[in-house]
Amino acid sequence: MKISICTISFRHELVSLTELARWAAENRFDGIELWGVHALNLGESLVPSIDSVWSQGVKFSMLSDYFALQGEEAKVLRRAERMFQIARQTGVSKVRTFAGGRASQVVGGHERADAARRLNHLCETAAGYGLKLVVEIHPNSLADTLESTIDLIGEVDHPALRINFDVLHVWESGADPLGAFRQLQHYVAHFHLKNVRSRRDLNVFEPANVYAAAGDREGMTPLFEGACDYESFFREAGLGDEAEASLEWFGHDARGILKHDRLRLAAASKPAVLIPS
């Protein structure tokens, strides 16, 4: 399995992309998942920053952004086009987004149909750049349960649509991660890996808390020390060498935790089944 760090883990630090790539290479990471806002803020230094990452022998694995499924569509498409351009520059084949910002159970039929239509349009645009649009399984979205995610795949009905399988969020939804993976396997293009002390602590991953510099980090745990059973998941899932995942750490001591989890992952993951991209 190919493992990446996320630049979002370093969102509150003064650190360059070059420095992150050097550290990633030294600690046997295969890639970097680049947060869209970080890419945009690089401005004219984007291209030399990309070159500096490649020079360390590290690749970019995915570009992660958020495309609204409501509001002015032309504005969303302009941002998507820019992200797809950056994706081509960085050499990634996948751009991550969320399926809106409202729980599937409260979204009515007309609103859901409109969201699926917009996702289809985004997929069509991504395909024009040779990319896949990767929808993340995430609370308060149209991909917040296994059932809604399966329905959404059918509603969007586009070959460029893929799934970012966030193991913790699948577990949070009440589904069995292994069973859910087996049902979605042919659509999974990427994994997000993180863990939490208990279900009572899941609120630490709410966006308003995660993105706040002074947000609460209590309850976030190293990957194999939390309530979600990753040992069993990796033992049974049989992820192949070509499967791609990102360690999505939001807490303190990012370098220490990521290094620790990378070493544990090397021992836990066993090749068996290849994941199509």
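This is a predicted model: local features need pLDDT of at least 70, side-chain atom pairs count only at pLDDT 80 or more; totals for chains, interfaces and linings use all residues.
How many of the five residues of strand β5 are buried? Strand β5 (residues 132–136) is mostly covered, with four of its five residues buried, where buried means under 20% relative accessible area, exposed over 50% and partly exposed in between, for a 1.4 Å probe and protein chains only. Residues are numbered from 1 along each chain as its sequence is written, and side-chain values use heavy atoms, with hydrogens and water left out.

Strand β5 belongs to a closed barrel of eight strands, which runs β1-β2-β3-β4-β5-β6-β7-β10 with parallel pairing. Neighbouring strands of this sheet are turned by 30 degrees against each other on average, direction ignored. Strands here are DSSP runs of E with at least two residues, and helices are runs of H or I with at least four, numbered from the N terminus; two strands pair if DSSP finds at least two bridges between them. Strand β3 (residues 59–64) is joined to the parallel strand β4 (residues 94–97) by two bridges, and Ser64 stands opposite Arg96 in β4. On the β5 side, β4 pairs in the parallel sense over four bridges, and there Arg96 stands opposite Val134.

Helix α8 (residues 177–184) lies across β6 (161–166) and β7 (188–193) and runs at about 170 degrees to β6, whereas helix α11 (residues 254–268) lies across β1 (2–6), β7 and β10 (244–247), at about 145 degrees to β10. For these angles, axes are lines fitted to C-alpha atoms, for helices over the stretch in contact, and the values run from 0 to 180 degrees between N-to-C directions.

Within strand β6 sits Asn164, which counts as buried because its relative accessibility is 0%. Residues up to four places away in sequence aside, Asn164 touches residues that include Met62, Arg96, Val134, Glu136 and His192. With His192, the side chain of Asn164 makes a polar contact of 3.1 Å, a term for a pair of N or O atoms within 3.5 Å in which, within protein, one must be able to donate a hydrogen and the other to accept it, residues adjacent in sequence counting only if both atoms are side-chain atoms.

Ser9, in the loop between β1 and α1 (17–26), is buried, with a relative accessible area of 5%, and beyond its neighbours within four places in sequence it is in contact with Leu247, Glu248, Trp249 and Ala254. His252, in the loop between β10 and α11, is exposed at 60%. Apart from neighbours within four places in sequence, His252 is in contact with Arg217 and Ile257; the C-alpha atoms of His252 and Arg217 are separated by 7.4 Å, although the two residues are 35 residues apart along the chain.

The cysteines complete the picture. A search of the whole structure finds zero disulfides, a disulfide being a pair of cysteine sulfur atoms within 2.5 Å. The sulfur of Cys228 is too far for a bond, because the closest cysteine sulfur, in Cys6, is 16 Å away.

Definitions and conventions. Contact means heavy atoms within 4.5 Å.
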